[in-house]
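Me: I'm new to this one and would like to learn how to read it. Could you walk me through a few features?

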Amino acid sequence: MSDDLMYDGWVLAVDVGGTKMEVALVGPDGTLSGRRRVDTPASLDAEAVFAPLAAAVTMVMDESVGGVVAMPDMGGVGCGGPMAAGGAHVSPLNIPAWREFPLGERLADLTGLPMAVDNDAKALALGEGWVGGAQGSRDYLAMVVSTGVGGGVVLDGRLLDGSGGNAGHIGHVVVEPDGRPCACGGRGCLEAEASGPAIAAITGRPAAEADEAMRRRCGTLVGRAVASVASLLDLQLALVAGSVALGFGEPFFRAAQDEVSLRCGLEFARPTRIVPAGLGDAGPLVGAAAVARMRLATEQTTGSDALPSPAPSGVSTVARVGAPVRGVTESVSTDRERSSSAGSR
Ligand SMILES: [Zn+2]
């Protein structure tokens with residue numbers, strides 16, 4: 001996918017998760033600069049959650065203005081799902097304070113930059129294809145096994161969006177039909193069995209203290225879901241990131257590969273590999289930058305007017321304010337009207 005992401009400027013990258021939020025500037029080769037991290041407040045007030053993120057963004061922007069690195073001219077955001085209208089409103093399952101929160105518009109107002117928002121795992125998939133472990137691959141799955149479990153799919157060299165931009169929610173593929181209840185309302189979803197909180201609930205200990213058997217079980221369940229995806233979509237590479245997967249390490253990945261090999265019976269699916277993601281803990285921010293870069297590439301290819309509504313064809317809604325930016329065309333007013341008229345708080 002890397003050919004689609006040619007752009008020699010810097011990007012403001014924002015990653016929003018249920019445990020932490022991070023901000024950095026990301027260079028044209030994926031280098032991070034000025035990285036800042038804040039805890040995600042366990043508040044039910046939308047503004048109380050946004051305030052520390054806004055402070056971190058402002059600090060990073062001030063440093064860039066101060067000449068530490070080049071000034072960014074667009075921003076990209078990876079955020080937990082689900083979301084609507086191609087990222088115009090986010091309702092992360094693990095941030096209850098935000099329901100239909102207009103995150104991109106708020107960050108655009110704060111920074112004066114056009115902001116592209118997408119699901120954090122889809123962002124990771126883009127980042128891994130750009131400068132990570134999926135470079136040169138046209139068909140792969142990237143996933144995160146952490147506080148939640150998410151995924152992004154690249155097929156035929158294109159990131160899959162789906163009708164609402166939510167394609168790739170592998171965390172809600174059922175791996176234990178009679179398993180634990182899930183936050184989505186279902187039962188036995190991968191996220192309900194293999195996420196950090198699920199493991200803590202099962203064992204009564206933090207996930208980081210899980211024993212070898214639990215590490216292997218988690219890997220097996222992830223491998224089970226990946227095997228279904230590999231057969232469904234004819235892809236042979238799954239990259240796995242996230243604190244649970246990477247923390248569990250070799251026992252997790254060996255069990256996952258064993259399960260994939262066991263469950264993938266069709267000739268084309270048999271070579272499927274499941275491996276640690278290439279970008280490590282930089283993945284979410286690099287991915288957020290890739291969201292913006294992909295958005296720019298999509299606009300340069302198609303013209304922004306080609307974006308369908310409400311679902312995106314490339315990456316998510318751009319909300320922007322201020323002067324036009326090099327290479328970014330004019331879709332702003334319609335996007336911003338759409339986001340502010342549909343339930344912002
Ligand atoms: Zn679920």
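Me: Within what distance do the axes of helix α1 and helix α2 come, and at what angle do they cross?

Reply: A word on the source: this is a predicted model, where local features need pLDDT of at least 70, side-chain atom pairs count only at pLDDT 80 or more, and totals for chains, interfaces and linings use all residues. Residues are numbered from 1 along each chain as its sequence is written. Helices (H or I, at least four residues) and strands (E, at least two) are DSSP runs, numbered from the N terminus. Axes are lines fitted to C-alpha atoms, for helices over the stretch in contact, with angles from 0 to 180 degrees between N-to-C directions. Here, the axes of α1 (residues 46-65) and α2 (residues 103-111) come within 11 Å and cross at roughly 40 degrees.

Me: What do we call α1 and α2 at that angle?

Reply: Under 35 degrees counts as roughly parallel, over 145 as roughly antiparallel, 65 to 115 as roughly perpendicular, and the rest as oblique. So α1 and α2 are oblique to each other.

Me: Which residues of α1 meet α2?

Reply: Two residues are in contact if their C-beta atoms, placed from the backbone, lie within 7 Å. From α1 come Phe50, Ala54, Val57 and Met61, and they meet Arg106, Leu107, Leu110 and Thr111 of α2.

Me: And the strands: in what order do they sit in the open sheet?

Reply: Strands of a sheet pair through backbone hydrogen bonds, either parallel or antiparallel. Two strands count as paired if DSSP finds at least two bridges between them. This open sheet has five strands in the order β10-β9-β8-β11-β12, with mixed pairing. At its edges are β10 (158-159) and β12 (273-276), each pairing on one side only. As an example of a pair, β8 (residues 140-145) and β9 (residues 149-155) are antiparallel over six bridges, and Leu141 has Val153 in β9 as its bridge partner.

Me: Which strands does helix α6 lie across?

Reply: Helix α6 (residues 212-233) lies across β8, β9, β11 and β12, at about 155 degrees to β8. Helix α3 (residues 120-131) lies across β8, β9, β10 and β11 (237-241), at about 45 degrees to β9.

Me: Where is there a cis peptide bond?

Reply: Most residues other than glycine have a negative phi, and most peptide bonds are trans. The bond from Gly81 to Pro82 is cis, with omega near 0 degrees; Pro82 lies in the loop between β4 (75-79) and β5 (83-84). Glu100 has a positive phi, near 55 degrees.
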